[in-house]
Amino acid sequence: AKADGGNQYAFYVHSMSMQALDSLRMEGALRRALERDEFRLHYQPQVDIATGAVVGVEALLRWQPQLGPMVPPGDFIPIAEQTGLIVPIGDWVLATACAQQKAWRDAGLPPLTVSVNLSARQFQHRDLVELVARLVRETGCDPACLALEITETAVMENPQAAVAIFRQLNEMGVQLAIDDFGTGYSSLAYLKRFPIDSLKIDRSFVSDITHDADDAAIVHSVIALAHSMNLKVVAEGVEDARQLQFLREHGCDQMQGYYVSRPVPAAGIEELLRR
Ligand code: C2E
Ligand code: CA
Ligand code: CA
Ligand code: CA
């Protein structure tokens with residue numbers, strides 16, 4: 001038994017250091033990825049449900065190493081957040097999204113709101129307001145067509161700081177959206193203090209609206225309450241016609257999801273809009 005215990009201990013230490021090593025390796029790889037320009041943005045169209053027009057896109061980060069397959073954000077963003085690398089990576093995302101929005105405007109495309117995801121870390125440990133102001137100046141993008149998405153959970157980590165930052169961004173004319181709404185513990189009554197423009201209903205509710213009466217009721221009442229507070233509602237993860245039909249019947253404003261398009265490179269958005 002003693003020997004066994006010893007082995008278990010050795011195994012435990014070994015697996016812990018393997019984990020630490022993995023995350024160190026990953027950190028190094030992410031640093032090099034930034035230097036080598038291996039990050040890309042894909043864009044998923046956001047559609048006005050009443051008119052069917054593409055009115056915006058959400059920018060979603062991809063890592064394409066020089067060798068090997070594309071890495072989805074779920075596999076590296078948590079480590080980027082732990083190591084703080086999400087800050088320089090997030091700066092790159094914002095700058096690239098702003099430049100893309102300006103390029104689409106210059107190309108004569110209909111105006112598109114470009115939404116960018118912000119992590120809690122970027123939101124808290126940084127003069128975000130100044131960065132956004134500088135990027136708007138430098139890229140010449142339209143702040144009214146820039147939307148920042150922050151999860152409900154990130155906002156609730158420090159609501160007072162969030163209110164102050166939101167006010168300043170709102171004054172610059174930038175749109176603000178609460179992401180993954182419904183997965184945290186905030187209430188709409190509480191969110192009323194924040195100068196936000198829209199709520200994004202999390203995919204976990206949308207995927208069951210046509211099967212699960214509870215989810216249907218939640219989505220229905222979130223839309224009604226949001227509208228009573230003059231907030232726009234965006235449904236994420238719409239995958240079929242019946243889900244879209246439900247959302248249309250309940251007056252949801254916008255939707256995005258595989259039913260319309262997966263996230264695609266910028267050229268794919270141009271193609272979609274020309275059709
Ligand atoms: P999110 O912000 O909730 O983004 C929506 C995710 O749902 C995206 O996954 C998108 O590809 C996926 N999706 C969209 N429509 C559908 C659908 O109909 N069905 C299904 N099954 N999935 C759908 P993705 O691109 O893998 O991103 C995952 C998460 O990574 C994002 O969730 C966001 O939290 C984070 N993320 C992505 N890009 C960035 C970024 O630039 N910065 C930060 N901080 N986080 C990012
Ligand atoms: Ca998002
Ligand atoms: Ca989301
Ligand atoms: Ca999500």
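What volume does the largest cavity have? The largest cavity comes to about 40 Å³. Please keep in mind that this is a predicted model, where local features need pLDDT of at least 70, side-chain atom pairs count only at pLDDT 80 or more, and totals for chains, interfaces and linings use all residues. Residues are numbered from 1 along each chain as its sequence is written, chains are lettered from A and ligands numbered from 1 in the order in which they are written, and side-chain values use heavy atoms, with hydrogens and water left out.

How can one look for such spaces? Rolling a probe the size of a water molecule over the atoms shows where empty space is left. On a 1 Å grid over the protein atoms alone, a cavity is a set of points where a 1.4 Å probe fits but cannot get out, while a pocket is an open set with protein on both sides within 12 Å along at least five of seven lines; lining residues have an atom within 4 Å of a point. Grid points are joined across faces, edges and corners, and a volume is the space filled by probe spheres set on the points.

Searching the whole structure gives one cavity of 30 Å³ or more. Around the largest cavity you will find Gln101, Trp104, Arg105, Leu109, Pro110, Pro111, Leu112 and Cys145. Its lining has six nonpolar, one polar and one charged residues (Ala, Val, Leu, Ile, Met, Phe, Trp, Tyr, Cys and Pro count as nonpolar, Asp, Glu, Lys and Arg as charged, and the others, Gly among them, as polar).

Now for the open spaces. The largest pocket has a volume of about 1100 Å³. It is lined by 42 residues, of which Glu58, Leu60, Asn117, Asp179 and Asp180 are the closest to its centre. Sorted by class, this pocket lining holds 16 nonpolar, 14 polar and twelve charged residues.

Let us step back to the whole chain. The protein chain has twelve helices and eight strands (DSSP runs numbered from the N terminus, with helices being H or I of at least four residues and strands E of at least two). Buried residues make up 45% of its 275 residues, where buried means under 20% relative accessible area, exposed over 50%, and partly exposed in between (1.4 Å probe, protein chains only).

Next, visit the loop between α1 (2–35) and β1 (39–48), where Asp37 lies. Asp37 has a phi near 65 degrees, a positive value in a residue other than glycine. Most residues other than glycine have a negative phi. Asp37 is partly exposed, at 44% relative accessibility. Glu38 sits in the loop between α1 and β1 too, but Glu38 is buried at 4%. Leaving aside neighbours within four places in sequence, Glu38 is in contact (heavy atoms within 4.5 Å) with Ala33, Arg62, Trp63, Gln64, Pro65 and Gln66.

Asn230 also has a positive phi, about 60 degrees, although it is not a glycine. Look for Asn230 in the loop between α10 (213–228) and β7 (232–235); with a relative accessible area of 72%, Asn230 is exposed.

Our last stop is Gln122, in helix α4 (residues 120–124). Gln122 is buried, with a relative accessible area of 4%. Not counting residues up to four places away in sequence, Gln122 touches Ile86, Val87, Gly90, Asp91, Asn117 and Leu128.
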